[in-house]
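Hi everyone, thanks for coming. I'd like to walk you through a structure, one piece at a time, so please have a look at the screen.

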Amino acid sequence: MRLRLVPKETSFDFFKRWKMWLGISALMMIVAFASFMIQGLNFGIDFRGGTTIRSESPLPVDIGVYRGAIDELGLGDVTITEVFDPTFGPEQNVAMIRIQAQDGQEAVTAELIADVENALIAVRPDIKFISVESVGPKVSGELVQTAAIAVLLAIGAVLIYIWLRFEWQFAVGAVVALVHDVILTIGVFSELQIRFDLAIIAALLTIVGYSLNDTVVVFDRVRENLRKYKQKSLSEVLNISINETLSRTMMTSVTTLLALIALFVLGGDVIRGFVFAMIWGVIIGTYSSVFVASTILLYLGVKRDWSKPDANAGNQYANIDA
Amino acid sequence: MLQIDLWKRITIWLFCIAGLLLALPNGFYTRVESHNDAVAAIELQGATPELEAAASVWPDWMPSALVNLGLDLRGGAHLLAEVRLEDVYASRMDAMWPEIRDALRPERATVGGVRQQPSERGEIRVRIGEADGMARALEVVRGLARPVPTLSGVGATDIDVRAEGDVIIVTLSEAEKLSTDERTMQQSLEIIRNRIDEVGTREPTIQRQGAERILIQVPGIGSASELKDIIGTTAQLTFNPVVSRGSNPDASPGIGNKILPSLDEEGQYYTVESAPVVTGEELVDAQPSFDQNGNPAVSFRFNTSGARKFGDYTAENIGSPFAIILDDEVVSAPVIQSHIPGGSGIITGRFSVEESTTLAVLLRAGALPAGLDFLEERTIGPELGQDSIDAGKIATVVAFGGVLVFMALSYGLFGLFANVALIINIGLIFGLLSLVGATLTLPGIAGIVLTVGMAVDANVLVFERIREELKTARGPARAIELGYEKALSAILDANITTFITSVILFVMGSGPVRGFAITLGLGILTSVFTAIFVTRLMVVMWFERRRPKTIEV
């Protein structure tokens, strides 16, 4: 007996409620955008500049005591958070101390870090500093810029690739779905105020890749079925294609999620934000390739009447042999 | 039908075996690492029995390339430094004054007296007594210019000379600035490398980034500030004539002079001439030693031209104080007692033994041509790195196991084929990572885990296709063939788009992002390879042997 995530034959009508799905997507995007405008992102030091110190002590973390020790130094905005993780032993009480970039300093000063460390050692002699990271404001500004360019470039490159391989309507559908995924992911980071750092950009771009992967597989089937069912309407062809690929879509999403959830639970707190972004991205990416990309394609329509025989008949790679 | 040529089969298996062999050393990481270290040590300093023993823990004929572990996994310090290139322009201009003065001196009849004027950093202003003699003065000063070799054109010289009223302004030309920048960066890299090598840690990364930055990563070092002590000191040593000493840091030093604090006497300031007599660049050796009173000191020796300048100056200025300046602080200012001809001397100050040793190391390794600003520094403790490796390992194993079970349950025998291919796939990724000497970071592990999830996608696409083709009942062989054929375009399109994003990540990203991009990109290449060649070959081989009438996928 085989494990099956979806029945052998499915004939869901994915477009019966397309207005509702687009409405939900639009609403989620508005919420994401509003949240982004109102409370912004909780930028990590990569993008904002400043210093994070990770401390570990056999004694429980007392944020008040830590704060009292550091406040005397007058460093402006200092955030202290205790880190919990199931993989920590009882002797591991970890805190993250974040200090804003100091005014008028382009570079990072060793004295500042030493001062903070000494102040903490004074109240907790057994404390250890297991990582210290400082980013100067000059670099952090550049990092924001490069990150934004990277995301835009990736989306642009993908737009061109799909346009070359398919039709422009497919490219538009795929890119709208992509932008949808990126906005919703940034939205989640804003709403939950999860720290947004350089690694999250990597996650965002992976989501771009993953969501596309899904969309392209569906579109590939649409293109094939458009030739196969010349008499059927576009919405019927789209429905057939999504149903046919549904089993694969679910399989891949589930295996990927399986791997990511293992990493989320067991991979330690250092990369948890990063993995969370990817889990969210896989779910949203799967949803968007079915409900957003295809609906856009349906709305834009596709040129079906090719007077000349299609040069891509069968498919372009069909002659590659093992 | 399902024929694959023998030579193709052999090639595919050879690829897999080569990849797995290359990946194998990573399974015995510490053992191979100590073997590699020992081999490197033997090459450097000859064999000893201990080193031979350490080298023999891993056979020489086996591949021994390892995946580099990033700092987030191994622990260590990371520094991004920006070189203050303008420092060099300024010191070039400071050193220009005696040259200009000496060149104009014989022309006193036409140009009148020559006085240095206050100027911005990186330029020099000289007022001449007779404004009418400007043409001649400019000609003489321009005569000091030296040609700069450039790609763009001939005739470029190193300085720009112009006149404003009776003032001559000299700056470095754009062409010279460009070539100076290049030289400064090369020199800085070289000197940082020398200093880190003197301290002796394993495989530091010292890379130039962009026009004016240097990235330094040293695994295993306890903190970035320790690293900064070693490379953050410019160690610019100069010997300058002393004009006066006093206690007011804001006094007007007079043109061509500067006020510098004393290193060991609080509140003491020296006014010295900006243009040095000799600089540390002319040192050939520096060693820690002791002065006649038994206090720690550093003894040094000049090269021939330095020794001559030093000798001439001391002969002419017996009885005047002479400042030994290290990084804009006066270490000491002894009065010249007698002519010092041999070109060797001793620097005394209130050093501890450690300080004199460090200073000797820094002077020997050479001065950085310009100061460094640290833009970014990260220290990751080794415990955190080990925790991350452990967590990553467990997560990978669990993720891997989950996917294997899930695939076997979903596709039966074909799922097992896909699983074997998946294991080969992971081996190939590690093999390739070792081969290209890429660095594995924590996000890189996430990239591998993601690959595990996505690698099955290509197989899933094929298997789902075969299932569909089976419904139209064309017979198993035909279904398998069509399944592979029809899934191919979806596999390629889907993976090429993801590959594009990983390339963009690699080009634009730095540090952890880049580590992630490498594993993701390589993972895509290997998973496409295993899905369309390896599983297919396994399916074909199984089919040839069994010739089943029906198959179940």
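Let's start with helix H5 of chain A and helix H14 of chain B, residues 476–508, which pack at an angle of about 155° with their axes 9 Å apart. Please keep in mind that this is a predicted model. How do these two helices run relative to each other, parallel or antiparallel? An angle over 145° counts as roughly antiparallel, so H5(A) and H14(B) are roughly antiparallel. Their crossing is right-handed.

Who meets whom here? On the H5(A) side you'll find, among others, A:Thr146, A:Ile149, A:Leu153, A:Tyr161 and A:Arg165, and on the H14(B) side the residues include B:Ser489, B:Leu492, B:Asp493, B:Ile496 and B:Met508. Sorted by class, that contact has 13 nonpolar, 4 polar and 2 charged residues.

Now stay with H5(A), residues 137–165, and turn to its partner within chain A, helix H6, residues 168–191. These two pack at about 155° as well, with axes 8 Å apart, and therefore H5(A) and H6(A) are roughly antiparallel to each other. This crossing is right-handed too. H5(A) brings A:Ile155, A:Val158, A:Leu159, A:Ile162 and A:Trp163, while H6(A) answers with residues including A:Trp168, A:Phe170, A:Leu178 and A:Val179. What classes of residue make up this contact? It has 13 nonpolar residues, no polar ones and no charged ones.

Over to chain B for a helix pair of its own. Helix H12, residues 382–436, and helix H13, residues 442–471, pack at about 5°, with their axes 8 Å apart. That angle makes H12(B) roughly parallel to H13(B). The residues of their contact divide into 21 nonpolar, 8 polar and 2 charged.

Let's step back to the two chains together. How many residues does each chain put into the contact? Chain A gives 80 and chain B gives 75. Between them, the chains bury about 6600 Å², with 64% of that on carbon and sulfur atoms.

The whole structure has 41 salt bridges over all chains, and 9 are found across the interface of chain A and chain B. One salt bridge joins the side chains of B:Glu468 and A:Arg221, at 2.9 Å from N to O. Another pairs A:Asp220 with A:Arg223, where the closest N and O atoms are 3.0 Å apart. Both of those residues lie in helix H7 of chain A, residues 198–228, and they sit 3 residues apart, about one turn of the helix.

That's my tour, and I'm happy to take questions.

Definitions and conventions: Residues numbered from 1 in each chain as written. Chains lettered and ligands numbered in written order. Predicted model: local features only at pLDDT ≥ 70, side-chain atom pairs only at ≥ 80, totals over all residues. Heavy atoms only, no water. Axes fitted to C-alpha atoms, helices over the stretch in contact; angles between N-to-C directions. Helix = DSSP H or I, 4+ residues; strand = E, 2+ residues; numbered from the N terminus. Parallel < 35°, antiparallel > 145°, perpendicular 65-115°, else oblique. Nonpolar A, V, L, I, M, F, W, Y, C, P; charged D, E, K, R; others polar. Left-handed = near helix turned anticlockwise from the far one by under 90°. Contact = heavy atoms within 4.5 Å. Buried area = accessible area lost by both parts, 1.4 Å probe. Salt bridge = Lys/Arg side-chain N within 4 Å of Asp/Glu carboxyl O.
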